[in-house]
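Good morning, colleagues. Please look at the structure on the screen, and I shall then go through its helix packing, its symmetry and its recorded annotation.

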Protein chains: 2
Amino acid sequence: MSAPTAEPVVTTDIEQVVTELATAAKAASRALGGLTAAVKNEVLLAAAEAVEAQSDAILAANAADIARAEDGGTEASLIDRLRLTPQRVTGIADGLRQVAGLPDPIGVVVSGKTLPNGLELRQVRVPLGVVGMVYEARPNVTVDAFGIAFKSGNAVLLRGSSSAANSNAELVRVLREVLRDKGINANAVSLLPSEDRSSVTALIRARGLVDVVIPRGGAGLINAVVANATVPTIETGTGNCHVYVHALADLDIATRIILNSKTRRPSVCNTAETVLIDKAIAADAMPKITAALQAQGVVIHGDEPGMEPATEVDWAEEYLSLDIAMKVVDDLDAAVAHIDTYGTGHTEAIVTTDLAAAREFTSRVDAAAVMVNASTAFTDGEQFGFGAEIGISTQKLHARGPMGLPELTSTKWIVWGDGHIRPA
Amino acid sequence: MSAPTAEPVVTTDIEQVVTELATAAKAASRALGGLTAAVKNEVLLAAAEAVEAQSDAILAANAADIARAEDGGTEASLIDRLRLTPQRVTGIADGLRQVAGLPDPIGVVVSGKTLPNGLELRQVRVPLGVVGMVYEARPNVTVDAFGIAFKSGNAVLLRGSSSAANSNAELVRVLREVLRDKGINANAVSLLPSEDRSSVTALIRARGLVDVVIPRGGAGLINAVVANATVPTIETGTGNCHVYVHALADLDIATRIILNSKTRRPSVCNTAETVLIDKAIAADAMPKITAALQAQGVVIHGDEPGMEPATEVDWAEEYLSLDIAMKVVDDLDAAVAHIDTYGTGHTEAIVTTDLAAAREFTSRVDAAAVMVNASTAFTDGEQFGFGAEIGISTQKLHARGPMGLPELTSTKWIVWGDGHIRPA
């Protein structure tokens, strides 16, 4: 780059680069499944030390990303997500230490039996193999994803945001150095090019090399990945979550839960986006809930006087901001029908004192999590006690809801006999 | 059709037909999750009765399929798979009775806990929703798939072979009649058009309506489905299975297992397709195993004298016939490497008396089932004690190996609180 006579830029074949990295990851993954928990934990703790020890280099790389983002006029909230500080680097290292402390999912016998003919069957947890992660700005995800994938015996291919390219490259360099020092194939973690979407396309079509791709980001990214992938994918994080205030709700509880569900962190996927109020209680509930939301700066969209007029988009999409849609529904049937139409299968909540209503709502609503008299904000791997989370699945296959270490595994049947053959 | 003045044939928009059937199935599925086991079992037993009671109509429809196949010059083995007899109809009804006797997977609490803040969490099994099945000739699959899907609370869209169109239509008519009689939405089971592949394409792209598609058939069908689907799929049934005869194998046991793995039913996915013989034992093992296979009419493909010369295809593809490939390998490492290259992740077997070799092979080989001193033919839902099987998954996501009722379910987190909110 600093050569006085510039060479012509070689056009990189991104697809070939991704295929090579995926092939190398596959090869590395074969040895990872056999590592003991002791070895994996030692590596994770060493990685935590290395991240802290090389904090200066990591912060310098991050400063370059920040400078470029500022030059490009990136908005302040995105720059804040991108920014690393000494404290945040310590937080990244602590995340690795936390994963080291979690139980190893690999080798767990999920089920087993001895057949009448004496064959001994065990269904044992094994790694998936190679996990692809596609994610947006925050560089901490780079290390978090490595930690969770490595502890569950998987190699990981990371495709982060181009805005964090320098930070991610430096973090992955540190991680690979630690792996090499410990005698482990460094291709257990690789960073994919992020100049354009072509590396994503190559990743999601690397069938036979990559075992699963987990996209984390907005609905656009997730839909593009799912629609074009030949590799199995796990949809995450689109949460058009509802709170239904039932006819027999305690209004103090309803108000508290709606406020917490909306305002605790409006930009995350478990935030509430629509309030459904039962007609039977609307005259009391509407003014009380509206006033409480407005006092916190929440803009209410709906068909009632004094609200921002709502269109189809208000019911269908996430705001991820201090906005909420509000609708009066005839009864529990109508609430369930609305959720069936517009919900994304993330988290749905009912507020009620009536046991039958609670049972019916939890039975009929089709979502990863259904809350009774509790905030939608509880749908979270840490809150559920998983210790680490790779994302929240909104699909029904393989994993549903917050995904921890066991969700990054598959199983294998191991069968022991002494010459058993099957009768005709 | 018998009108004297022929109307112009209306071009059916297959995609629209499939979308309508899928929409109806989705609507029907919403009620199925709430059915008790008692109700579902009553329906399954009534369906068994109805299939037997309407045996004549079913056999007449089947006779039409058989006549058409014979006119078209279909080969005898396919016609045999297509043919129903009074005995086979009884077998179909007995299959439904067997599923009625299995435990209901729905509502099972998979895990649960009470958090320190008092929130009560339960992870409960729920249906997937709408299951699409794409399969080949045998009409019994039509009823089997309905039984398993219905018992696990799912609606099912069946896309059978065009050669069985009359048989399938009659069977589905009987099933829908039983559902209607029992007050259940008959769209819990529908048959898709089978004139051409367009209904398959529409099914695998009915994202949002269909929750999973399970292709059962040859590698061509499965690859086409997986490559073009936007709906999640479960790969089944491609089994390029190996038996590795280790240096410390008991040769009587090795011979018995190889014979059973190859000749018990050569056309099914768990049949062995390649024998790998350790160099250290080859001088004794090769003649013995070769003679035993040839005595059963098995043609051996390989690089040794007296064998049919093997090409890359012999290592890579399933014969599904009385053919087997045979190769001498240097050691366990080479056997594992060969399986890594050519295996399809179905079933792999080692024959050995050495404990360390058995442990290493089962740990390193990446497949749904790994056998030690046992025939590959044991990879089967009935053998594993599942009572019913919808296919054998060769993928790692969601389900791996034989799939029974629990593999057609997802889970839902149900969370009970009394006004819980999450701290900032």
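Let me begin with a definition: a crossing is left-handed if the near helix is turned anticlockwise from the far one by less than a right angle, and right-handed if clockwise. Helices (H or I, at least four residues) and strands (E, at least two) are DSSP runs, numbered from the N terminus.

This is a predicted model, in which local features need pLDDT of at least 70, side-chain atom pairs count only at pLDDT 80 or more, and totals for chains, interfaces and linings use all residues. Residues are numbered from 1 along each chain as its sequence is written, chains are lettered from A and ligands numbered from 1 in the order in which they are written, and side-chain values use heavy atoms, with hydrogens and water left out.

Helix α13 covers residues 332-342 of chain A and helix α14 residues 355-364 of chain A; their axes come within 11 Å and cross at roughly 20 degrees. Axes here are lines fitted to C-alpha atoms, for helices over the stretch in contact, with angles from 0 to 180 degrees between N-to-C directions. α13(A) and α14(A) are therefore roughly parallel to each other (angles under 35 degrees; over 145 is roughly antiparallel, 65 to 115 roughly perpendicular and the rest oblique).

Which residues of α13(A) and α14(A) meet? Leu332(A), Asp333(A), Val336(A) and Ile339(A) of α13(A) meet Ala357(A), Glu360(A), Phe361(A) and Arg364(A) of α14(A), contact meaning heavy atoms within 4.5 Å. This contact of α13(A) with α14(A) comprises 5 nonpolar, no polar and 3 charged residues. Ala, Val, Leu, Ile, Met, Phe, Trp, Tyr, Cys and Pro count as nonpolar, Asp, Glu, Lys and Arg as charged, and the others, Gly among them, as polar.

Next, another pair in chain A. The axes of α5 (residues 86-100) and α6 (residues 140-151) of chain A come within 9 Å, crossing at roughly 15 degrees. α5(A) and α6(A) are therefore roughly parallel to each other, and their crossing is right-handed. Among the residues in contact are Ile92(A) and Leu96(A) of α5(A), with Val143(A) and Phe146(A) of α6(A). By class, the contact of α5(A) with α6(A) has 7 nonpolar, 2 polar and 1 charged residues.

Now the symmetry. A rotation of 180 degrees, with 0.0 Å of shift along its axis, superposes chain B on chain A (RMSD 0.0 Å), by least squares on the C-alpha atoms of residues with pLDDT of at least 70 in both. The two copies are thus related as by a two-fold rotation axis. In chain B, the C-alpha nearest the axis belongs to His398(B), 1.8 Å from it.
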